[in-house]
Amino acid sequence: MFLGACLDVGLPLTLLEEMVERLGLDGVELRMERAKRGGLAGVRFSVFRDGRPVEGAGSEGASHRRLSTIQSMIEESGLSAGVVERASALFRRLGEAEAQVHGVGLEEVHFHEVGADDSIVDLVGAAVALEHFGPARVSSSTVVVGSGTVSTRHGVMPVPAPATALLLEGIPITSGGASGELTTPTGAVIVREFVDEFEPSATAAPRRIENYGVGLGSRELADRPNALRLQRTTPLASGAGPWRQVAVLECQVDDATGEAIGYAVESLLEAGALDVFTTAVQMKKSRPGVAITVICRPEHSSELAERLLLETGSLGCRRTVVDRLEAERSISTVLTPFGEVRLKQATISGRSLGAAPEYEDVRRIASEQGVPFRDIYRAALRAAH
């Protein structure tokens, strides 16, 4: 449904077809058609193998693969560095959820539904779509998961299924008053990895809709359209630019090692913090200490505050919700003599604030090719200009 909505918004089908070829999914064919669900028109995106529709683990000819196999397919595909990184992160997050649910190691995870051809197309295709559109941020309404039970390879499970529930921890959900499964692990991991903020429509920041698309599911639902709506919007700036609310978490510690503080910073960033920084402070009784400041979306503040206390041993932290002026950001890819490098660009009120090569890309190329970091960094800036 997500890719159907992306296609309706303007994602070229040829990008997904090229992706299938690069992944080596022989015999797989992609189809899109205009259709209706519950009277709502949109795009139905389908995956076929050898002329037959592929619908997860139960379909004829479906392939079930280990996480390592899928990761190798992605890494050897020749897709852009950004797509490889995002697609790998999606499957790694899924693998971690499945491993926790089944009580096994990550290397033992054997995907069934999510290892089938259609799910691989859905998740790698989602990474392709995100790179194509290059949004500054992705927001979502409350996730509708449904209710009741669902049949899986492991038997009848409550809705949301265990892996879906784990992936949606800390994310606002509702049953929507509907029975059946309305959010799958595939959809849940896209939400978990790509969505920056969850906005109830009544409190959403003002914005202008540029265009929107509708992706249709395979089933007809009794009481609502089986559809996902995707909107491309532009924030409406007031004054100097768009203001967003962020939460600021703060605490001081004087009994943690430098290594523990460094790990806490890394852990908080991996968990979704927008920024984390430390400041040397002098605490009571003249003890030297460290102040840790975490900037995050308000809806993530409880989860991150708990992690902050667990990692530092602090007995409490403060939270302040403030307005932050944010530049509009976009990601593009430039070709340098050393390979492709993603470039972050920022503007405010239509005026450029400059561009910066993505650190992870530059670091990876420098490590792989034995080239000085600054040479790759400068080459990326030259390519941008």
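Biologist: Which strands form the open sheet with β19 in it, and in what order?
Modeller: In this predicted model, three strands form that open sheet, in the order β18-β19-β20, and the pairing is antiparallel. Strands are DSSP runs (E, at least two residues) and helices are DSSP runs (H or I, at least four), numbered from the N terminus. Two strands pair if DSSP finds at least two bridges between them.

Biologist: And which are the edge strands?
Modeller: β18 (328–336) and β20 (351–357) are the edge strands, since each pairs on one side only. On average, neighbouring strands of this sheet are turned by 25 degrees against each other, direction ignored.

Biologist: How many bridges join β18 and β19?
Modeller: Nine bridges join β18 to β19 (residues 339–348), in the antiparallel sense. Within this pair, S330 stands opposite Q345 in β19.

Biologist: What holds paired strands together in general?
Modeller: Strands of a sheet pair through backbone hydrogen bonds, either parallel or antiparallel.

Biologist: Which helix packs on the sheet of β18, β19 and β20?
Modeller: Helix α11 (residues 373–384) does, touching β18, β19 and β20. The direction of α11 makes about 105 degrees with that of β18. Contact means heavy atoms within 4.5 Å. Axes are lines fitted to C-alpha atoms, for helices over the stretch in contact, and angles run from 0 to 180 degrees between N-to-C directions.

Biologist: A new topic: what is the order of the sheet with four strands?
Modeller: The order is β15-β16-β14-β17, an open sheet with antiparallel pairing. Its edge strands are β15 (275–282) and β17 (318–325).

Biologist: What is the bridge partner of F277 in β16?
Modeller: The partner is T293. β15 and β16 (residues 288–296) pair over eight bridges.

Biologist: Where does helix α8 lie?
Modeller: Helix α8 (residues 258–270) lies across β14 (243–253), β15 and β16, at about 150 degrees to β15. Helix α9 (residues 301–312) also packs on the sheet, touching β14, β16 and β17.

Biologist: Lastly, which residues of α3 are buried?
Modeller: In helix α3 (residues 67–75), L67, I70, Q71, M73 and I74 are buried, that is, under 20% relative accessible area with a 1.4 Å probe, protein chains only. They lie on the same side of α3 because they cover an arc of only 155 degrees around the axis, taken from the directions from the helix axis to the C-beta atoms.

Biologist: What covers them?
Modeller: The cover includes α2 (13–23), α4 (81–102) and α5 (117–133).

Biologist: How are residues numbered here?
Modeller: Residues are numbered from 1 along each chain as its sequence is written. Local features need pLDDT of at least 70, side-chain atom pairs count only at pLDDT 80 or more, totals for chains, interfaces and linings use all residues, and side-chain values use heavy atoms, with hydrogens and water left out.

Conventions: Buried < 20%, exposed > 50% of the residue type's maximum accessible area, 1.4 Å probe, protein only.
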